[in-house]
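Take a moment with the sequence and the model that follow. Then walk through them one step at a time.

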Amino acid sequence: MIKITENDFSADEVIRKMKKPEVGAVVSFLGIVRDDNIKKMKIEMYKEMAEKELKKLENNARKRFDVNEIMIIHRYGSLNIGDNIVLIAVSSAHRKDAFRACEYLIDGLKKVAPIWKEEIK
Amino acid sequence: MKITVKFFAGHRDAVGKEKIKMNVKKDAIINDVMNSLIKRYPALEQLKDYTIASLNHSYAKLNEKLKEGDELAFFPPVGGG
């Protein structure tokens with residue numbers, strides 16, 4: 001599932017909802033705003049295209065890996081240091097597919113999603 | 001044919017607008033639009049080598065043909081996450 005939002009999200013809540021009887025592993029990646037002597041980070045996004053590209057990426061991950069659920073959340077707008085930017089969470093029966101799918105998804109997101117970060121100093 | 005062109009990040013700054021409507025000739029390709037935009041907005045010229053195009057929300061090559069109602073977009077290399 002893909003979620004594009006201006007609002008903050010709870011990684012804990014996403015992970016908790018992925019706990020199901022058939023699931024043995026949940027792997028997540030949380031990207032946050034790092035303090036590189038910046039005041040804020042502005043995230044710009046071509047939303048319709050980002051959703052479409054991320055959906056394709058999710059479908060490709062499902063073909064490659066044996067996973068249960070996939071959740072990709074990406075924020076846009078003006079963010080402060082320490083704020084959540086992106087969450088990738090993957091559940092599967094066994095850990096290897098969850099780890100591999102999670103890495104595949106975040107690497108793919110950086111390459112294909114039309115998103116631009118601007119550091120405000 | 002009428003099309004919409006959107007700009008993001010540095011390309012939006014160069015044009016000064018988020019989107020414009022354009023009339024293009026039948027059988028026009030994306031590169032034709034890019035060239036006519038450079039004439040209208042000379043600041044785009046220096047971004048040309050860093051320009052990525054999308055057509056109707058999918059990545060597109062500069063030689064792709066346009067049709068009535070298309071949504072074209074120009075932007076620099078992406079990098080979210």
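In which helix is B:Asp13 found? B:Asp13 sits in helix H1 of chain B, residues 9-15. Helices (H or I, at least four residues) and strands (E, at least two) are DSSP runs, numbered from the N terminus. B:Asp13 is exposed, because 11 other C-beta atoms lie within 10 Å. By definition, a residue is buried with 20 or more other C-beta atoms within 10 Å of its own, exposed with 12 or fewer, and partly exposed in between; C-beta atoms are placed from the backbone. B:Asp13 and B:Ala43 are 30 residues apart in sequence, yet 9.0 Å apart in space, C-alpha to C-alpha.

A word on the source. This is a predicted model, in which local features need pLDDT of at least 70 and side-chain atom pairs count only at pLDDT 80 or more, while totals for chains, interfaces and linings use all residues. Residues are numbered from 1 along each chain as its sequence is written, and chains are lettered from A and ligands numbered from 1 in the order in which they are written.

Stay with chain B. It has two helices and five strands. Along the sequence they follow the pattern β-α-β-α-β-β-β. The C-alpha trace of chain B spans about 35 × 30 × 20 Å along its principal axes. A compact globule of 81 residues would have a radius of gyration near 12 Å; chain B has 12 Å, so the two agree. That radius is taken over C-alpha atoms, and the globule rule is 2.2 Å times the number of residues to the power 0.38. Of the 81 residues in chain B, 31% are buried.

Now turn to chain A. It holds three helices and seven strands. From the N terminus on, they run β-α-β-β-α-β-β-β-α-β. The C-alpha trace of chain A spans about 45 × 25 × 20 Å along its principal axes. For 121 residues, a compact globule would have a radius of gyration near 14 Å; chain A has 15 Å, which agrees. Buried residues make up 35% of the 121 in chain A.

Three strands of chain A form an open sheet, in the order S5-S3-S7, with antiparallel pairing. Two strands pair if DSSP finds at least two bridges between them. The edge strands are S5 (77-79) and S7 of chain A, each pairing on one side only. Strand S3 (residues 40-45) of chain A is joined to S5(A) by three bridges. In one of them, A:Ile43 has A:Gly77 as its bridge partner in S5(A).

What lies inside? The largest nonpolar core has 52 residues. Such a core is a set of buried Ala, Val, Leu, Ile, Met, Phe, Trp, Tyr and Cys residues joined through C-beta atoms within 7 Å. Among the members that touch the most others are A:Ile72, A:Ile88 and A:Leu105. S6(A) gives the largest share of this core, six residues. Beyond its neighbours within four places in sequence, A:Ile88 is in contact (C-beta atoms, placed from the backbone, within 7 Å) with residues including A:Phe29, A:Ile72 and A:Leu105.

Finally, the two chains meet. 17 residues of chain A are in contact with 11 residues of chain B. Helix H2 (47-64), strand S6 (84-92), helix H3 (95-112) and strand S7 (115-120) of chain A each supply at least two residues of the side that touches chain B.

Notes:
Contact = placed C-beta atoms within 7 Å.
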